[in-house]
Every structure is written in structure tokens, then in C-alpha cells.
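Subject: Structure for your review

Hello,

The structure I mentioned is below, with the sequence. My notes on what was found follow it.

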Amino acid sequence: MAPPFRKLLIANRGEIAVRIARTCRAMGIPSVAVYSAADRNALHARSCDEAVAIGPAEAAGSYLNLEALLDAARRTGADAIHPGYGFLSQNGDFADAVRDAGLVFVGPPGDVHRRMGDKKGARRLMAAAGVPVLPGYDGDDQQDATLATQAARIGWPVMIKPSRGGGGKGMRVVHTAGEFPAALEASRREAQAAFGDDVIVLERCVERPRHVEVQVLADAGGQVLQLFERECSIQRRHQKVVEETPSPALDAAQRESLCAAGVAAARAAGYVNAGTVEFLLDPEGRFHFLEMNTRLQVEHAVTEAVTGLDLVRLQIEIAAGRPLPFGQDDLGASGHAFECRLYAEDPDQDDLPSPGRILLLCAPSGPGVRFDAGVETGSEVSVHYDPLLAKLVTWGRDRTEARQRMRAALRSTAALGVVTNLARLQAILEHPAFVEGRLHTQFIDEHLSELGADDTPPDEALAAAALALSRSPTRTTGPTPTADPWATLGAWRLV
Amino acid sequence: MRFLVGDEERRIERPAGVEVEEAAPGTFVWRRGEQVETFHCVRDGDVVHLFWCGRVYRFEVLREGRRAAHRHPAGGLEAPMPGKVTALKAREGQRVQKGEEILVVEAMKMENALRAAKAGTVRRIAVKVGDMVTPGAVLAEIE
């Protein structure tokens with residue numbers, strides 16, 4: 001079959017841009033990278049057939065610049081744009097602008113992004129479709145007194161959530177009626193500053209929940225399928241750190257009803273393309289709709305590992321209007337997969353980002369090991385972007401084998417030059433509660449003191465370093481000035 | 001050879017029976033008898049980055065004549081990474097508790113609260129909202 005597009009522009013950077021480019025190569029679709037002034041020689045900007053400069057290092061002028069991205073597509077003759085995740089991937093106005101420019105957006109249409117980006121509306125839509133939602137309040141009356149009355153009706157503790165937004169910004173847990181007014185004010189202020197909107201949704205706060213989510217795929221012809229669940233309970237500051245599939249918490253009956261709810265949610269949303277329906281799983285085993293992510297997720301690779309599918313390829317085919325090449329009964333999941341996110345963050349300093357130059361990167365490999373990196377030796381980790389360096393995925397026959405492979409892979413992943421969370425990932429994978437699959441979203445905070453690593457090198461390590469330094473000349477980092485070869489060389493002869 | 005590990009000076013003698021060879025740039029082979037271990041080591045100025053037995057370590061080479069010195073001003077709040085100051089949470093002259101937020105620096109999409117390392121009085125705030133800061137810059141002083 002002929003490639004579905006003439007040329008595809010990847011409106012992103014880092015590991016996801018590199019990952020999308022790989023699928024384009026495999027499908028025979030020429031690809032276009034875009035890069036900011038800070039990313040001219042970045043790995044992603046060298047992974048495509050063409051690369052276009054779109055603006056300054058600050059994302060607002062480059063990766064978030066709709067006009068610059070559309071210009072780059074026009075100039076290179078691209079007829080489709082894949083937004084990756086983050087940046088403009090869930091921006092309905094961008095999806096509309098791409099369509100209005102006569103191009104294809106690889107993702108759902110603008111109105112789906114807007115519908116699901118509004119938590120208040122999404123909650124009502126889900127409740128109407130029979131998808132379980134938490135006891136809460138999603139009304140239009142936003143007066144302080146109404147919200148306080150509703151919070152008391154829901155029962156403490158209550159979560160205050162901005163209706164627009166994400167990343168945990170503006171969210172507050174309130175334990176007593178006395179704390180409510182001040183928390184409401186702070187939440188509204190933060191929401192207004194971050195999202196330009198201060199509409200609030202209230203929900204019962206579930207203590208020690210698990211985060212489970214359903215991967216869905218929907219084609220333009222109305223077929224909606226689910227690709228099973230992922231569990232992403234290991235989080236820090238609302239950022240996922242370790243994910244896996246299947247969830248160790250679900251039995252077959254729970255899995256079936258969760259995945260059916262995911263399909264019902266996607267249908268209610270009028271969804272097209274790949275998306276994720278997120279749920280909270282409470283300690284009693286009941287699940288509740290959290291939100292829908294109208295894009296590809298970082299952790300899609302664990303689903304790929306157990307299903308053998310290429311989700312980016314399916315996204316591209318769906319965007320081209322092709323029907324899904326299989327039905328629900330053709331799909332199965334085999335084995336177990338984990339993903340660990342390698343971040344340039346310092347766990348000893350409250351996960352402070354750690355920009356700098358990667359002096360050495362050694363990728364793990366082996367049976368069932370996948371390493372998707374956005375950096376390599378020599379890459380600059382910039383202060384301007386997300387600190388995700390790479391995602392490491394392992395697959396095994398069962399959870400034990402996948403975990404053993406992950407442990408071994410983490411021990412052979414060397415990233416030198418910037419501080420990373422590698423030691424914390426190792427500690428999480430070894431933790432007895434993790435080994436037993438007893439997970440919840442406060443896992444890292446609750447076990448923080450047991451997840452620290454001794455960063456004092458043993459004498460043997462220092463001796464190894466001393467011998468290594470005496471073997472190799474002092475290396476300096478940064479570009480080494482080289483003489484212009486056209487000036488120093490004479491004529492060339494091929495021998 | 002002398003190293004500075006954190007604030008501690010460590011003197012390392014050449015271990016008996018150990019051989020180290022460079023296998024590729026930054027990649028070394030450690031041998032003792034028939035025991036073998038691959039490790040990685042890169043030097044950046046005086047800073048040594050070492051990957052040994054699955055763990056990463058960072059320390060400094062102490063050159064001849066240099067002594068371990070405390071480089072952190074006792075009550076100074078330093079920028080740990082480059083970024084932009086997005087909020088000031090304390091005023092000059094204010095009493096603060098250990099761990100209290102002094103200011104917020106945004107870097108890599110994240111807001112990072114910088115906190116007082118000890119209780120005291122904020123003597124000086126050296127930056128304002130919107131300033132770009134570089135690592136090591138003293139942003140505030142608490143005594």
C-alpha cells in the first residue's frame with residue numbers, strides 16, 4: 001500500500017520526535033523536523049529527512065508557535081503534522097489551524113480537544129454516558145458559598161481542581177471546612193495565572209489511589225477499540241515515573257469493566273485517533289473517571305510491548321482516513337512490560353532539574369529491552385524544556401521477568417554529566433512494596449526515605465577512577481576548535 | 001591521588017593487583033586476576049563523573065597544593081540551576097523558618113521552590129521577579 005502521506009512534519013522535540021521519525025522511516029514517509037535555536041544539532045533535528053528552524057530557544061516562540069510550524073509545513077510541502085505529546089498536542093486551536101491550512105492533524109479534531117480539556121464539561125459528559133465519576137460538583141454556580149456547601153455535601157477530604165489545566169497546578173486537597181475558603185482562593189488565583197480561567201470543579205479526594213488508564217484507538221468510521229490498561233501509580237509531583245501493563249491490581253472482571261468504560265468514554269467524547277482515558281482506582285477496587293488525554297502518551301511504549309503494535313503507525317493511518325486493520329477480538333496482550341522515565345533531575349534536591357551537557361550516554365540493550373532517547377553523548381540538556389532524557393521499556397513473560405530485565409537494564413544505563421534519577425529508579429524497582437505490586441500515587445512520597453541512594457563512592461570506585469584518569473588524558477568538554485580542513489588539506493584523492 | 005567527595009577529602013592508594021585499560025573513549029576495563037568489570041569515567045575540568053557497578057558518582061580531583069574548602073556561604077541561597085525567577089516568597093528583614101520558601105525559580109517547565117537552609121532573618125534578596133539566574137549565583141542571604 002502506498003504511504004498515506006507525501007511528507008509528515010513532527011511538531012515536537014526530544015525522544016518523542018525521534019520515536020515518531022523512526023515510524024515514518026519504516027512506513028516510507030519522508031519526515032520534517034523542527035528545531036529551536038537551542039536544538040539546531042539536537043538528536044531529533046538530525047533524525048528526519050529535513051529540518052526547519054522555527055524560532056528562539058524559548059518554547060513560546062518556537063515549539064508553541066503555531067504560525068512558525070504551519071510555515072515550516074508549507075515550505076517543505078508536508079501534508080500532515082504529528083504533534084507528539086506536550087507542547088501543542090492537546091491544543092484545539094492548533095488542530096483547527098492545521099486543518100484550515102489544508103493539512104492533516106495526526107490526532108483528534110479541535111472540538112474533541114476542547115470538550116475533554118474542560119474538566120467540568122468532561123465530567124458531565126462521562127456521567128451522562130454511564131462512566132463512573134467521583135462524588136463531586138461540576139455546576140455552573142461558582143459562588144464561594146455554593147462551593148463551600150457542595151464541598152461539605154461531598155464529604156472531606158475534598159479535592160479542588162481548576163476546570164481547565166493540568167500538571168497539578170492549582171489543585172488543593174482540603175481536609176476541613178475551616179481550610180476551604182483560603183484553599184479555594186489560592187486555587188482560583190493559581191488557575192487564573194496558569195490557564196486564564198478560574199472555574200472550579202470539586203471532587204471527593206481518594207486517599208492512596210492507584211492511577212490506571214485505558215489506551216483507546218478510534219477510526220474515522222466510528223470503530224472504537226481498547227488496547228488494555230496501564231498502571232501509572234508511581235508518580236512524583238503529578239509526573240509519572242514508572243508505568244506498567246497489565247496493572248497488578250486488576251482481576252479479569254475488573255479489567256473488562258475498566259476497559260469497557262474506556263471505550264464508552266471515547267465514544268461519548270466523539271473520539272478519533274489514539275487517546276487515553278485515565279481513572280483513579282480506589283482501595284476498594286472501584287474506578288472513577290479522572291480525565292482524557294487527547295494525544296499519544298509517553299508511556300504508550302508499554303502497550304506496544306505487550307500488543308506488538310506500533311501506535312504511531314496506527315495514528316498516522318487513522319489520520320489518513322483508513323479503517324483500523326483489526327477488530328477487538330483480534331487484539332491480545334501477552335506478557336508484562338515496565339517503563340522507567342529517565343529524567344535530568346536530582347532526587348536529593350527535591351527533584352530539581354539538572355541541565356548541562358551529557359558527557360557520556362551508554363544505552364542498555366538485550367532481549368525485551370527498548371531504550372527511546374532524545375539525547376546522546378554530547379547533547380546539551382537545556383533549561384528551556386522538559387527534563388525527560390529517555391524512556392526505558394522492558395518486556396517479559398510475566399511481571400517478575402520484566403522486572404528482572406528492568407533491574408539489569410537500569411544497571412547498565414550510564415548517563416554522565418547531568419544528575420539523573422537513575423538511582424531512584426533502581427531503588428523503586430527493588431522496593432518490597434513495588435515487588436509485590438502494592439502501589440499507589442503517594443508511593444514515592446511515602447517511601448522517600450527508603451528510596452534514597454548512598455552517593456558516596458566506595459574506595460574501589462575511587463581507585464578505578466584514579467587509574468582511569470591516569471590512563472586517559474584530561475578531557476575538556478565543549479566544542480574543540482578545529483582548523484578548517486579546506487584550508488589545511490590539499491587536493492583529495494580517493495584510494 | 002586525592003579526591004574531594006562532597007566536603008570530604010579522600011586519599012586513594014594504588015590498589016594491588018588491579019589493572020585498568022581504556023577500551024573506548026570514556027569506557028574502561030577493570031581487572032583483578034580474572035575478575036573483570038566495565039566502567040565509565042569522564043573528567044570535566046576538575047569534576048570526575050564515574051559510572052561504577054550500576055551507580056553514578058560525581059566528585060572532584062584535588063590538585064597538588066589545594067585543600068578542601070567550603071564553597072557554600074553558610075546562609076546564602078544559591079541558584080542550583082539556570083532559570084527564571086518567577087516569585088519572591090519572602091521580604092528582606094523577614095524572619096523565616098528552616099525549609100520556608102524564599103523564592104521560586106522556573107526551569108525546564110517546572111517551578112522549583114528554593115527554601116531556607118536554616119532559620120534566620122532574610123538580610124538581602126539579590127534578585128527580582130523576571131531575572132534570569134545562573135547556577136551558583138547568590139539569590140538571597142539569610143543569617
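In chain B, 43% of the contacts with a separation of 6 or more are between residues 24 or more positions apart. Please keep in mind that this is a predicted model. Its scores are ipTM 0.89 and pTM 0.89. For chain B the average pLDDT is 87, and 92% of the residues score at least 70.

On secondary structure, chain B has 15 strands and zero helices. The C-alpha trace of this chain spans about 65 × 35 × 25 Å along its principal axes. Its radius of gyration is 21 Å, whereas a compact globule of 143 residues would have one near 15 Å. Of those 143 residues in chain B, 28% count as buried.

Now the interface. On the chain A side 36 residues are in contact with chain B, and on the chain B side 38 residues are in contact with chain A. Five elements of chain A give two or more residues each to its side: strand 17 (352–353), strand 19 (360–362), strand 23 (414–416), helix 12 (422–430) and helix 15 (459–471). Helix 15 of chain A supplies the largest share of that side, with eleven residues. Sorted by class, the side of chain A that touches chain B holds 23 nonpolar residues, seven polar and six charged.

The size of an interface is often given as the accessible area lost when the parts come together. The interface is described here by residues in contact instead, 36 from chain A and 38 from chain B.

Regards

Note on methods
Residues are numbered from 1 along each chain as its sequence is written. Chains are lettered from A and ligands numbered from 1 in the order in which they are written. This is a predicted model: local features need pLDDT of at least 70, side-chain atom pairs count only at pLDDT 80 or more; totals for chains, interfaces and linings use all residues. pLDDT is the predictor's confidence in each residue, from 0 to 100. Two residues are in contact if their C-beta atoms, placed from the backbone, lie within 7 Å. Helices (H or I, at least four residues) and strands (E, at least two) are DSSP runs, numbered from the N terminus. Ala, Val, Leu, Ile, Met, Phe, Trp, Tyr, Cys and Pro count as nonpolar, Asp, Glu, Lys and Arg as charged, and the others, Gly among them, as polar. The radius of gyration is taken over C-alpha atoms; the globule rule is 2.2 Å times the number of residues to the power 0.38. A residue is buried if 20 or more other C-beta atoms lie within 10 Å of its own, exposed if 12 or fewer, and partly exposed in between; C-beta atoms are placed from the backbone.
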